[in-house]
Amino acid sequence: MSSLVEAAIRGAVTKGIMGVAHFNRAHRKSSKQNPYLTGIHTPLTEEHTVTDLKVTGTIPAGLNGLYLRNGPNPFEAPNPATHHWFSGDGMLHGVRLQNGEALWYRNRWVRSPAINAALGEPRTPGPRSSFESPNTNVVAVGGRIWALVEAGGLPVEVSDLLETRARSDFEGLLSKGFTAHPHLDPLTGETHAICYNATDPATIWHTVITKDGAVRRHEPITVQDGPSIHDCMITQNYIIMMDLPVTFSMPALIAGDTFPYRWNPKHAARIGLLPREGRGDEIIWCSVEPCYIFHPANAFETDDGKVIMDACVHTDMFADGHFGPNSSRTAFESLEIDPIARRVTRTVIDTSPQEFPRPDERRLGQPYRYAYTLALPADGDPGFVGDPRLFKHDLGARTREVHDFGEGCMPGEFVFVAAHADAGEDEGWLIGYVVNTAGGTSDLVILDARNFTGPPVATIAIPNRIPPGFHGNWIALP
């Protein structure tokens, strides 16, 4: 079905289509077990506050703040036949560190109207949106903390105690929604994002938020087929956007899928370079071999005018009705984007499957040396994650170090935090959650980035399992 027909259907009979989709979602059955509702992915059913946290090792005294991570955790039991990992209600997990101590661990659902009602709470203020409980990322922008999701969901402000405060469309400027992956430019202090809305298949937006948290730019860019654009990247002169062959699928929506996007080989794969202040029609589209990218690590410009972007690259994605990400092959690659020839050249850095790349984000948009990634199971896994290793890539020397947490220990995404304002690129700490699959507990682990293969600097024991989530960040606090 062409995107024009899909757009017409959405515009004319949206309620009818959604009614059919809801009916099929409720009544569809499957003999397959949903791996994102069982085992390590089993949703938590309670919110916890734990203040008596056991610490092994020494928490660096300079780490004063909050490590927060977001991820899907359905509030009510969904239909296993249609539930997708990406569609669960958002749940935040946070640990507060101050003066070398771990003050508390908390987990809280990001409140949606349905969760408010179920808990007998007043409804969270703010405008309604397509996705009411953002489940993908949590970031600080403009001095406030926001839980985020893409495809039409609005940012939801939360407190440093993980309490939901309000939904915001930034005074109507983000009425079409935001993104899961805004990027702070460390040189300007502004935040850049590429946004899309599932109900508008022909438009994406370049959005810029000032240091003070005001939207100053929301530039439309024309696309086709409703592409899923999970992330973007910045360089000195460009915003990089990835228009790749995962697009909205009306048949998947009607069938009741909670994440109606599929691999679309008819959709041309391309990467766009938009001048930072350019109009949408000034974007430079460069063709690339079909692939899908959730997350780039970083990007920068070369002296001869090309752009280098390093990313975890999947050969395909969502080629069937899988319950979560699935790919024939995943590797860490370097993509050379040539705005003159309008083409992209891909070079494999590391063939091992891996995801969730993070750099020292003080180097975002600039030449850099180190990237940290999460290893994925070599033969794939129904639950996507499950390898006990982290990788540290030295992109200058083209070498890789491995930190292995050991059998039964499953890390998530780790973030880099500089040891001090003038610290070197790998002078600092790597922070993230590790789940102990056998014991049903978790740890917040702090590694020394310069002693990557060595033992943790500190391990903070959390008495409950933290299901695998998506993205987190370190938020410095007084």
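Trainee: Of the 478 residues of the chain, what percentage count as buried?

Mentor: Keep in mind that this is a predicted model. A residue goes in the buried group if its relative accessible area is under 20%. Across the 478 residues of the chain, the share that counts as buried is 60%.

Trainee: And how many helices and strands does the chain have?

Mentor: Take a look at the fold with both kinds of element in mind. The helices number three, and the count of strands is 33.

Trainee: Let's turn to the rings. How many aromatic pairs does the structure hold, and which kind is the pair of Phe86 and Phe318?

Mentor: The structure holds 21 aromatic pairs. For Phe86 and Phe318, the ring centres are 5.8 Å apart and the planes stand at 90°. Planes over 60 degrees apart meet the cut-off, so Phe86 and Phe318 are edge-to-face.

Trainee: How many residues apart are Phe86 and Phe318?

Mentor: Phe86 is in the loop between strand E3 (65-72) and strand E4 (90-98). Phe318 is in the loop between strand E21 (307-314) and strand E22 (330-338). The pair thus links distant parts of the chain, and the separation is 232 residues.

Trainee: Is Phe318 buried or exposed?

Mentor: Its relative accessibility is 1%. The cut-off is under 20%, so Phe318 counts as buried.

Trainee: Which kind of pair do Phe248 and Tyr261 make, and which strands do they lie in?

Mentor: Their ring centres are 5.9 Å apart with planes at 85°, so this pair is edge-to-face. Both Phe248 and Tyr261 are buried. The pair ties together parts 13 residues apart in sequence, because Phe248 lies in strand E16 and Tyr261 in strand E17.

Trainee: Which ring does the charged end of Arg270 sit over?

Mentor: Elsewhere, Arg106 lies over the face of Trp104, 4.5 Å from the ring centre. For Arg270, the charged end is 3.6 Å from the centre of its ring, and that ring belongs to Trp285.

Conventions:
Residues numbered from 1 in each chain as written. Predicted model: local features only at pLDDT ≥ 70, side-chain atom pairs only at ≥ 80, totals over all residues. Heavy atoms only, no water. Phe/Tyr/Trp six-rings, centres within 6.5 Å; stacked < 30°, edge-to-face > 60°. Helix = DSSP H or I, 4+ residues; strand = E, 2+ residues; numbered from the N terminus. Buried < 20%, exposed > 50% of the residue type's maximum accessible area, 1.4 Å probe, protein only. Lys NZ or Arg CZ within 6 Å of the ring centre and 35° of its normal.
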